[in-house]
Amino acid sequence: MTAFLIILLFVILLTQAKIKIKIRYEEERLTVNVQFGLIHLTVFPVKQSKKTKSTPKSEKKVKKETAIQIRELLPLLRANIPVIEKIFLRLREKLVVTQLTLRVICAGDDPGDAALMYGYANAGLALLMPQLERFFTIKKRNIQLSLDYERPKIDVLASVIVSMTVGRCIALCVSSAVQIYGVFKSYKKQKGGVDYESSNQRNDVNDNPKNS
C-alpha cells in the first residue's frame, strides 16, 4: 500500500512538472531548445553526423519524394481544417507563453527607407500584439522598437519561451493523435477506393481490344 501511494504521488508530481520550449532568433540564426527539469536538449539546428555523407542523387531523390508527399497531403489538410482548428484551440488553451521578447532596430543605408521601415514595423506590432494576447496567455513581455540611422542594416532579436505541464502535454497528444488517426484512416480508405476504381478501369480498357 505504501509503495502504491509513493508511485501515485510520483506520477502526480510528474504530471505537474513543466516542459519549456525556447525559440530564439538572433543574427539570422534560429535555435529551438527544450528543457525538462535539469535536462536541456537542442532540437534545432540538428547536428549532422560526420560519418553519413549524402550524394547529390540521394538529395534529389529525397526532395522529390518529399514534394510528392506534400502534394498528396495538401487536399487532406484542406478537407480537415475543422480538425486542425480544434487541435490549435486545445494547444492555445494548454500552452502558456512565459516570456516574449522582441527587439527590432530599424536601420539601413538610406535614412528615408529606415524611417519607412520603422513606420511599417510600428503598425505591424500594433496589429499583431493584440491578436497574440487574445489567443495566448502571455505572462511577461519585452517589446522594443527603435530607429538607428548609423547601422547598415536592420537588427532583429526575437525570443519566446512557452511552457506546458506534462499532464496537459500528454492529454493534448492523446486527443490529437486520436483525431489525426481517424483522419488518416478515412484518407486511406478513400485512396484505396480510388486506386481500386482506377485499376478496374485499366482492366476494362485492356479487355476491350480482346473482345473486339
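This is a predicted model: local features need pLDDT of at least 70, side-chain atom pairs count only at pLDDT 80 or more; totals for chains, interfaces and linings use all residues.

Colleague: How many helices and strands does the protein have?

Modeller: Helices (H or I, at least four residues) and strands (E, at least two) are DSSP runs, numbered from the N terminus. Here there are 5 helices and 6 strands, and along the sequence they follow the pattern α-β-β-β-α-α-β-α-β-β-α.

Colleague: Where is there empty space, and how is it found?

Modeller: Rolling a probe the size of a water molecule over the atoms shows where empty space is left. A pocket is an open set of points on a 1 Å grid over the protein atoms alone, where a 1.4 Å probe fits, with protein on both sides within 12 Å along at least five of seven lines; lining residues have an atom within 4 Å of a point. Grid points are joined across faces, edges and corners, and a volume is the space filled by probe spheres set on the points. The largest pocket has a volume of about 250 Å³. Its lining has 17 residues, and Leu 100, Leu 132, Ala 158, Ser 159 and Val 160 are the closest to its centre.

Colleague: Which elements each supply at least two residues of that lining?

Modeller: They are strand 1 (18-26), strand 4 (96-106), helix 4 (111-135), strand 5 (137-147) and strand 6 (155-165). The lining divides into 14 nonpolar, 2 polar and 1 charged residues; Ala, Val, Leu, Ile, Met, Phe, Trp, Tyr, Cys and Pro count as nonpolar, Asp, Glu, Lys and Arg as charged, and the others, Gly among them, as polar.

Colleague: What lines the second largest pocket?

Modeller: Its lining includes Tyr 25, Glu 27, Arg 151 and Val 156. The volume of this second largest pocket is about 180 Å³, and its lining has 4 nonpolar, no polar and 5 charged residues.

Colleague: Is Val 156 buried, exposed or partly exposed?

Modeller: Buried means under 20% relative accessible area, exposed over 50%, and partly exposed in between (1.4 Å probe, protein chains only). Val 156 is partly exposed because its relative accessible area is 25%. This residue is in strand 6, and its C-alpha atom is separated by 4.7 Å from that of Val 104, 52 residues away along the chain. Leaving aside neighbours within four places in sequence, its contacts (heavy atoms within 4.5 Å) are Tyr 25, Glu 26, Glu 27, Arg 103 and Val 104.

Colleague: How do strand 2 and strand 3 pair?

Modeller: Two strands pair if DSSP finds at least two bridges between them. Strand 2 (residues 29-36) and strand 3 are antiparallel over 5 bridges, with Val 32 opposite Phe 44. They form a hairpin with 2 residues between them, and Gly 37 in the turn has a positive phi of about 70 degrees. Strand 3 (residues 39-44) is hardly covered, with 0 buried among its 6 residues.

Definitions and conventions. Residues are numbered from 1 along each chain as its sequence is written. Side-chain values use heavy atoms; hydrogens and water are left out.
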